[in-house]
Amino acid sequence: MTALGNPSADSGAAWWRGAAIFQVYIRSFADGNGDGIGDLAGVRSRLPYLRDLGINAIWFTPWYPSPMDDGGYDVADFRDIEPAFGTLAEAEALIGEAHALGIRVIIDIVPNHCSDLHRWFKAALAAGPGSPERDRFWFRPGQGEDGSEPPNDWQSRFGGPAWTRVTEPDGTPGEWFLHLYSSRQPDFNWDNPEIRAEFEDILKFWFDRGVDGFRIDVADGLVKDPALPNLADSGTISPFSDQDGLHDIYRSWRKIADSYPGERSLVAEMWLDDMSRAARYLRKDELHSAFNFDFLVCPWDEAKFRTVIENTVAAHAEVGAPAAWVLSNHDVTRPVTRYGRAGDTGFAFADRLHGTPVDRELGTRRSRAAALLAMSLPGGLYIYQGEELGLWEIEDIPDDLRQDPVFARTKGADPGRDGCRVPIPWSGTESPFGFSPDGAEGEPWLPQPESWVDYTAEAEGNDPASMLSLYRSGLALRASESALGDGKLEWHEHLDGVLSFTRDPGFACLVNFSAEPVPLPDHEKVLLASAELKDGLLPPDTAVWLRTR
Ligand code: GLC
Ligand code: CA
């Protein structure tokens, strides 16, 4: 077994190049103390499940103290644990227990902004205009005679203006501060050296506690054009995304990561249109990898998938970095629902298409095929909790229970992301389906549908035809086949509408996007298929893995 082809947590070098990484959204994963909110005790009790699933690492979404305006992406203290989730001592124990099972730990870092309850933002409000405290953020006077218009035309990514006006300590209406997300998430000013020093120290704080890496939230957004020009006047270069100054920040982060023993890894969240621009962050002295969102948003179409995969492989080859394939996360509509919608639907961040008819059976079939495709492409792989159970988007959450700020900020035009964050069903026949312990006082923080009775980890674990069984088999093969994980692929022209590639040694993957069953190429053995082959033919919307020699 080579370390590169067969990433496992205890195979040292460059594990991150081909790892299968499981995303835990803590609030919704498992509730240890019965208050209806997932927590670290819950995660610790489910580590054996993750080991058996066959993943190499866990990425935890933010676990820091937070008022939870944006599910923890509004951080009040970067060096502690949210009390509803547990304690720092529990986090340290969890890191140790994961390592003992051969599972690495990646945590989320949120450097673009903090919570309005962060001590620095409170100090900035109290200190008033022109103070060094305000210079850690983007405070500006408003436009118009009385300053009642925002400083520029930037819009929040959650809807509405990206600026909110404050009341000064003397009670008068005052300056505005910038927030690319909710008004409770003020953006840091990365031109201020104190911010840079602070985050370098935060990285060390957690590396010292044994974490194996960071997922960098909004990695493209930290640096702003200091002139804060109107977007309307900015031409093709965004004044708040992909600014050149970012590369220096990540070079210094890379030095910190490299100064620790073992391979510590940095993965970027960035939604950039131009894959070559994104790859520039993956040069060898910058970040290790970045999520491939083009793959996630690709509609169900053979030519489109092939183009995305080709572009990805080519852009990453320019800088020698591995791709990181993603089918879902806590921000997007679940794949079963996406792939179950007719036509060439939009899959964008905000384009959630609630209420569009969903053929869940078709969506499930395609999600199974997509899973085998993603698992067999060269590079790393991310799996979002519940994806391995084939959960779908919950679209009928009552409005008064919705918690994502996107819903309120768009006045309901965008339903938000709660539908992919419903607490996981583990066992039993009714809510909370083992999410909370028996006899728990609290209800799950978002309601679970009754129909999940057939989709609990327990029910699926006993069913060889389930999504969970497919993920377990796929991940086990991915670990044992030396062809899979990091490496190269070679395309084959098979038949129209069939995506077909091989990987050395001796492995082929085919996905049938056409409407007809197709014959298989020469092979020695079928390793795994996402649906039953009929008369040796590969049915529509099905993927197969073959041993070719
Ligand atoms: C990222 C996160 C998302 C969060 C946003 C602001 O896109 O994935 O959940 O709302 O950043 O931090
Ligand atoms: Ca709890």
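The lining of the second largest pocket divides into 8 nonpolar, 4 polar and 5 charged residues; Ala, Val, Leu, Ile, Met, Phe, Trp, Tyr, Cys and Pro count as nonpolar, Asp, Glu, Lys and Arg as charged, and the others, Gly among them, as polar. The model is predicted: local features need pLDDT of at least 70 and side-chain atom pairs 80 or more, while totals for chains, interfaces and linings use all residues. Residues are numbered from 1 along each chain as its sequence is written, chains are lettered from A and ligands numbered from 1 in written order, and side-chain values use heavy atoms, without hydrogens and water.

About 350 Å³ of space lies in this second largest pocket. Of its 17 lining residues, R368, A465, S530, A531 and E532 lie nearest its centre. Two or more lining residues come from each of α11 (360-376), α14 (467-480) and β16 (525-529), and α11 gives the largest share, 5 residues.

The largest pocket has a volume of about 870 Å³. It is lined by 30 residues, and R157, D220, S241, W271 and L272 are the closest to its centre. Its lining divides into 11 nonpolar, 6 polar and 13 charged residues.

Elsewhere, the calcium ion (ligand 2) is coordinated at 2.3 to 2.4 Å by D31 (OD), N33 (OD1), D35 (OD), I37 (O) and D39 (OD). Along the chain these donors follow the spacing D-x1-N-x1-D-x1-I-x1-D. Among them, D31 is buried, with a relative accessible area of 4%, whereas N33 is exposed at 53% (buried is under 20%, exposed over 50%, partly exposed in between, with a 1.4 Å probe and protein chains only).

Notes:
Donors are N, O and S atoms within 2.8 Å of the metal (3.2 Å for Na, K and Ca); water is not among the atoms, so sites may look incomplete. On a 1 Å grid over the protein atoms alone, a cavity is a set of points where a 1.4 Å probe fits but cannot get out, and a pocket is an open set with protein on both sides within 12 Å along at least five of seven lines; lining residues have an atom within 4 Å of a point. Grid points are joined across faces, edges and corners, and a volume is the space filled by probe spheres set on the points. Helices (H or I, at least four residues) and strands (E, at least two) are DSSP runs, numbered from the N terminus.
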